[in-house]
Amino acid sequence: MACTVEHRFIVTDAGSFHAKKWTPQNPSSSVPIVLLHDSLGCVDLWRHFPGTLAESLSLCVIAYDRLGFGRSTPRNELPSIHFIEEEATDYFPSVKMHLNLGSYILFGHSVGGAMAVNIAARDEGCVAVITEASQAFVEDRTVAGINAAKKAFDDPGQMDRLKKWHGSKAEWVLRAWTDTWLSSEFSDWSLDNCMGEVTCPVLAIHGDNDEYGSTAFPEYIAHKAGGISEMTILSNCGHIPHKEKPEEVINTIKLFLKKNAVT
(Lines give C-alpha, C1' and ligand atoms only; values in the text may rest on other atoms or scores of the structure.)
Protein backbone atom coordinates (compact mmCIF):
# COMPACT_ATOMS: atom_id res chain seq x y z
CA MET A 1 0.00 0.00 0.00
CA ALA A 2 1.37 3.42 -0.93
CA CYS A 3 0.49 6.88 0.34
CA THR A 4 -0.11 10.02 -1.67
CA VAL A 5 1.73 12.91 -0.01
CA GLU A 6 0.56 16.49 -0.34
CA HIS A 7 2.24 19.70 0.91
CA ARG A 8 0.36 22.91 1.44
CA PHE A 9 0.67 26.23 3.22
CA ILE A 10 -2.26 27.44 5.30
CA VAL A 11 -2.34 31.23 5.19
CA THR A 12 -4.10 32.84 8.17
CA ASP A 13 -4.15 36.26 9.83
CA ALA A 14 -1.60 34.95 12.35
CA GLY A 15 0.81 33.68 9.69
CA SER A 16 1.47 30.80 7.31
CA PHE A 17 1.41 27.21 8.58
CA HIS A 18 3.20 24.47 6.64
CA ALA A 19 1.15 21.26 6.54
CA LYS A 20 1.58 17.82 5.02
CA LYS A 21 -1.01 15.12 4.35
CA TRP A 22 -0.51 11.38 3.84
CA THR A 23 -3.42 9.64 2.10
CA PRO A 24 -3.45 5.82 1.86
CA GLN A 25 -5.10 3.98 -0.96
CA ASN A 26 -8.79 3.48 -0.18
CA PRO A 27 -9.00 5.12 3.26
CA SER A 28 -11.38 3.22 5.56
CA SER A 29 -12.86 6.45 6.96
CA SER A 30 -13.03 10.17 6.26
CA VAL A 31 -11.77 10.88 9.79
CA PRO A 32 -8.07 11.88 9.69
CA ILE A 33 -5.42 11.76 12.39
CA VAL A 34 -3.83 15.16 13.08
CA LEU A 35 -0.31 15.13 14.51
CA LEU A 36 0.87 17.80 16.98
CA HIS A 37 4.66 17.97 17.32
CA ASP A 38 6.87 18.39 20.38
CA SER A 39 8.84 21.43 21.63
CA LEU A 40 11.70 21.08 19.13
CA GLY A 41 9.72 19.33 16.44
CA CYS A 42 8.24 20.03 13.03
CA VAL A 43 6.52 18.17 10.20
CA ASP A 44 9.75 16.77 8.76
CA LEU A 45 10.96 15.46 12.12
CA TRP A 46 8.08 12.98 12.18
CA ARG A 47 10.12 11.27 9.43
CA HIS A 48 8.53 7.98 8.25
CA PHE A 49 6.01 7.64 11.07
CA PRO A 50 3.05 9.50 9.47
CA GLY A 51 3.20 7.46 6.27
CA THR A 52 3.51 4.20 8.18
CA LEU A 53 0.64 5.21 10.45
CA ALA A 54 -1.56 6.12 7.47
CA GLU A 55 -0.86 2.83 5.72
CA SER A 56 -1.29 0.72 8.87
CA LEU A 57 -4.59 2.29 9.92
CA SER A 58 -5.93 3.09 6.42
CA LEU A 59 -6.55 6.65 7.58
CA CYS A 60 -5.34 10.00 6.31
CA VAL A 61 -2.67 11.57 8.52
CA ILE A 62 -2.03 15.33 8.66
CA ALA A 63 0.84 17.15 10.37
CA TYR A 64 1.52 20.87 10.57
CA ASP A 65 4.33 23.13 11.77
CA ARG A 66 3.24 25.45 14.55
CA LEU A 67 4.09 29.11 14.03
CA GLY A 68 7.80 29.65 14.57
CA PHE A 69 8.70 26.03 13.72
CA GLY A 70 9.86 24.20 10.61
CA ARG A 71 8.59 25.90 7.46
CA SER A 72 5.89 27.99 9.10
CA THR A 73 6.10 31.76 9.62
CA PRO A 74 8.82 32.87 12.08
CA ARG A 75 7.89 34.46 15.39
CA ASN A 76 9.77 37.25 17.12
CA GLU A 77 8.44 37.19 20.66
CA LEU A 78 8.76 34.06 22.75
CA PRO A 79 5.52 32.22 23.58
CA SER A 80 3.61 33.28 26.67
CA ILE A 81 3.25 30.94 29.63
CA HIS A 82 -0.24 30.19 28.27
CA PHE A 83 1.08 28.93 24.91
CA ILE A 84 -0.37 25.44 25.31
CA GLU A 85 -3.90 26.75 25.77
CA GLU A 86 -3.33 29.39 23.08
CA GLU A 87 -2.61 26.70 20.48
CA ALA A 88 -6.12 25.42 21.15
CA THR A 89 -7.86 28.80 21.25
CA ASP A 90 -5.88 31.01 18.85
CA TYR A 91 -4.19 28.84 16.22
CA PHE A 92 -5.68 25.37 15.77
CA PRO A 93 -9.16 26.70 14.90
CA SER A 94 -7.67 28.42 11.82
CA VAL A 95 -5.75 25.27 10.87
CA LYS A 96 -8.93 23.24 11.26
CA MET A 97 -10.95 25.62 9.11
CA HIS A 98 -8.40 25.80 6.29
CA LEU A 99 -7.99 22.00 6.26
CA ASN A 100 -11.79 21.55 6.21
CA LEU A 101 -11.66 19.24 9.21
CA GLY A 102 -14.97 17.92 10.48
CA SER A 103 -14.41 14.97 12.79
CA TYR A 104 -10.77 14.17 13.52
CA ILE A 105 -8.42 12.28 15.85
CA LEU A 106 -5.54 14.06 17.60
CA PHE A 107 -2.13 12.49 18.21
CA GLY A 108 0.17 14.74 20.23
CA HIS A 109 3.79 14.06 21.12
CA SER A 110 5.20 15.61 24.31
CA VAL A 111 3.84 19.17 24.62
CA GLY A 112 1.76 18.37 21.53
CA GLY A 113 -0.14 15.92 23.73
CA ALA A 114 -0.99 18.68 26.19
CA MET A 115 -2.15 20.80 23.27
CA ALA A 116 -4.27 17.91 21.99
CA VAL A 117 -6.01 17.66 25.37
CA ASN A 118 -6.72 21.39 25.35
CA ILE A 119 -8.15 21.23 21.82
CA ALA A 120 -10.34 18.21 22.62
CA ALA A 121 -11.71 19.96 25.71
CA ARG A 122 -12.97 22.78 23.50
CA ASP A 123 -13.97 21.12 20.22
CA GLU A 124 -16.52 18.33 19.81
CA GLY A 125 -15.03 17.64 16.37
CA CYS A 126 -12.23 15.74 18.10
CA VAL A 127 -13.46 12.15 18.39
CA ALA A 128 -10.37 10.70 20.11
CA VAL A 129 -7.11 11.86 21.69
CA ILE A 130 -3.83 9.98 21.75
CA THR A 131 -1.10 11.50 23.89
CA GLU A 132 2.45 10.22 23.56
CA ALA A 133 5.08 11.12 26.19
CA SER A 134 2.89 14.07 27.13
CA GLN A 135 3.45 16.25 30.15
CA ALA A 136 0.47 16.84 32.45
CA PHE A 137 2.20 19.20 34.91
CA VAL A 138 5.77 20.30 35.61
CA GLU A 139 7.70 17.53 37.34
CA ASP A 140 11.19 17.69 38.82
CA ARG A 141 12.25 15.19 36.15
CA THR A 142 10.88 17.53 33.48
CA VAL A 143 12.99 20.44 34.75
CA ALA A 144 16.10 18.28 35.10
CA GLY A 145 15.70 16.89 31.59
CA ILE A 146 15.27 20.32 30.04
CA ASN A 147 18.25 21.71 31.95
CA ALA A 148 20.38 18.83 30.68
CA ALA A 149 19.20 19.40 27.10
CA LYS A 150 19.86 23.14 27.38
CA LYS A 151 23.43 22.45 28.48
CA ALA A 152 23.90 19.97 25.63
CA PHE A 153 23.06 22.76 23.16
CA ASP A 154 26.27 24.53 24.22
CA ASP A 155 27.80 22.15 21.68
CA PRO A 156 27.63 23.99 18.30
CA GLY A 157 26.93 20.68 16.59
CA GLN A 158 23.65 20.37 18.46
CA MET A 159 22.48 23.76 17.25
CA ASP A 160 23.57 22.93 13.70
CA ARG A 161 21.33 19.85 13.80
CA LEU A 162 18.43 21.98 15.00
CA LYS A 163 19.07 24.44 12.17
CA LYS A 164 18.69 21.58 9.69
CA TRP A 165 14.99 21.47 10.59
CA HIS A 166 14.22 25.04 11.57
CA GLY A 167 16.78 27.14 9.69
CA SER A 168 17.24 30.63 11.09
CA LYS A 169 14.40 29.97 13.56
CA ALA A 170 16.47 27.38 15.49
CA GLU A 171 17.57 29.65 18.32
CA TRP A 172 14.00 30.88 18.81
CA VAL A 173 12.76 27.27 18.87
CA LEU A 174 15.26 26.32 21.59
CA ARG A 175 14.49 29.37 23.72
CA ALA A 176 10.74 28.93 23.26
CA TRP A 177 11.19 25.54 24.94
CA THR A 178 13.81 26.15 27.61
CA ASP A 179 13.00 29.72 28.66
CA THR A 180 9.30 28.96 29.03
CA TRP A 181 9.44 25.59 30.77
CA LEU A 182 12.24 26.65 33.14
CA SER A 183 10.58 29.91 34.16
CA SER A 184 9.16 30.24 37.66
CA GLU A 185 5.90 31.56 36.17
CA PHE A 186 5.35 28.27 34.36
CA SER A 187 6.17 26.00 37.29
CA ASP A 188 2.54 25.57 38.39
CA TRP A 189 1.16 24.79 34.91
CA SER A 190 -0.98 21.66 34.59
CA LEU A 191 -3.86 20.17 32.62
CA ASP A 192 -6.20 20.59 35.59
CA ASN A 193 -8.30 23.28 33.94
CA CYS A 194 -9.30 21.15 30.95
CA MET A 195 -8.65 17.43 31.50
CA GLY A 196 -12.11 16.72 32.87
CA GLU A 197 -13.71 18.46 29.88
CA VAL A 198 -12.32 15.85 27.47
CA THR A 199 -15.21 13.45 26.93
CA CYS A 200 -13.98 11.62 23.81
CA PRO A 201 -11.88 8.43 24.25
CA VAL A 202 -8.33 9.10 25.45
CA LEU A 203 -5.22 6.94 25.14
CA ALA A 204 -2.04 7.96 26.99
CA ILE A 205 1.16 6.28 25.74
CA HIS A 206 4.36 6.70 27.74
CA GLY A 207 7.83 5.16 27.93
CA ASP A 208 9.02 3.90 31.30
CA ASN A 209 12.42 5.55 30.73
CA ASP A 210 11.10 8.93 29.56
CA GLU A 211 13.70 11.50 30.60
CA TYR A 212 11.16 14.34 30.69
CA GLY A 213 8.46 12.81 32.86
CA SER A 214 7.49 9.80 34.95
CA THR A 215 4.48 7.53 34.51
CA ALA A 216 2.63 9.94 36.80
CA PHE A 217 1.82 11.85 33.60
CA PRO A 218 -0.13 9.13 31.74
CA GLU A 219 -1.74 8.09 35.03
CA TYR A 220 -2.97 11.65 35.50
CA ILE A 221 -4.26 11.92 31.92
CA ALA A 222 -6.05 8.57 32.01
CA HIS A 223 -7.57 9.01 35.47
CA LYS A 224 -8.73 12.61 35.06
CA ALA A 225 -10.20 12.39 31.56
CA GLY A 226 -13.94 13.02 31.47
CA GLY A 227 -14.77 9.94 29.40
CA ILE A 228 -13.36 6.56 28.39
CA SER A 229 -9.60 6.48 28.91
CA GLU A 230 -6.66 4.13 29.16
CA MET A 231 -2.88 4.21 29.31
CA THR A 232 -0.09 2.08 27.90
CA ILE A 233 3.40 2.06 29.41
CA LEU A 234 6.10 0.86 27.00
CA SER A 235 9.05 -0.97 28.53
CA ASN A 236 12.63 0.15 27.86
CA CYS A 237 11.38 3.23 26.04
CA GLY A 238 12.31 6.89 26.32
CA HIS A 239 10.70 10.14 25.22
CA ILE A 240 10.05 9.31 21.54
CA PRO A 241 8.03 6.07 21.45
CA HIS A 242 6.99 6.51 17.80
CA LYS A 243 10.69 6.43 16.87
CA GLU A 244 11.89 3.89 19.44
CA LYS A 245 8.97 1.43 19.27
CA PRO A 246 6.86 2.35 16.22
CA GLU A 247 5.20 -1.03 15.78
CA GLU A 248 4.07 -1.15 19.41
CA VAL A 249 2.75 2.41 19.21
CA ILE A 250 0.81 1.77 15.99
CA ASN A 251 -0.61 -1.55 17.20
CA THR A 252 -1.70 0.09 20.47
CA ILE A 253 -3.44 2.88 18.56
CA LYS A 254 -5.10 0.42 16.17
CA LEU A 255 -6.53 -1.63 19.06
CA PHE A 256 -7.66 1.51 20.90
CA LEU A 257 -9.52 2.93 17.88
CA LYS A 258 -11.14 -0.42 17.08
CA LYS A 259 -12.20 -1.06 20.68
CA ASN A 260 -13.84 2.36 20.93
CA ALA A 261 -15.34 2.30 17.42
CA VAL A 262 -13.79 5.68 16.69
CA THR A 263 -13.65 5.36 12.88
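Started with the sheet. I find eight strands in an open sheet, ordered S1-S2-S4-S3-S5-S6-S7-S8, with mixed pairing. Strands here are DSSP runs of E of at least two residues, helices are runs of H or I of at least four, and both are numbered from the N terminus. Two strands count as paired if DSSP finds at least two bridges between them. At the edges I have S1 (3–11) and S8 (229–234), each pairing on one side only. Neighbouring strands are turned by 20 degrees against each other on average, direction ignored.

Housekeeping: this is a predicted model, and local features need pLDDT of at least 70, side-chain atom pairs count only at pLDDT 80 or more, while totals for chains, interfaces and linings use all residues. Residues are numbered from 1 along each chain as its sequence is written, and side-chain values use heavy atoms, with hydrogens and water left out.

S1 runs antiparallel to S2 (residues 16–24), and nine bridges join them. I looked up two positions: Val11 stands opposite Ser16 in S2, and Arg8 stands opposite Ala19 in S2. The two strands form a hairpin with four residues between them, and Gly15 in the turn has a positive phi of about 150 degrees.

Then what lies on the sheet. H2 (residues 83–98) lies across S1, S2, S3 (33–36), S4 (61–64) and S5 (104–109), running at about 120 degrees to S1. H9 packs on the sheet too, touching S5, S6 (126–132), S7 (202–207) and S8, and its direction makes about 165 degrees with that of S7. My axes are lines fitted to C-alpha atoms, for helices over the stretch in contact, with angles from 0 to 180 degrees between N-to-C directions; contact means heavy atoms within 4.5 Å.

Which helix did I check against H9 (residues 246–259)? I took H1 (residues 49–57): the two axes come within 11 Å and cross at roughly 40 degrees. That makes H1 oblique to H9 (under 35 degrees is roughly parallel, over 145 roughly antiparallel, 65 to 115 roughly perpendicular, the rest oblique). On the H1 side the contact includes Phe49 and Leu53, and on the H9 side Ile250 and Leu257 are among the residues.

Last, the loop residue. Ser214 is in the loop between S7 and H7 (216–224). Buried or exposed, at 15% relative accessibility? Ser214 counts as buried (under 20% relative accessible area; exposed is over 50%, partly exposed in between; 1.4 Å probe, protein chains only). Not counting residues up to four places away in sequence, Ser214 touches Glu139, Arg141 and His206.
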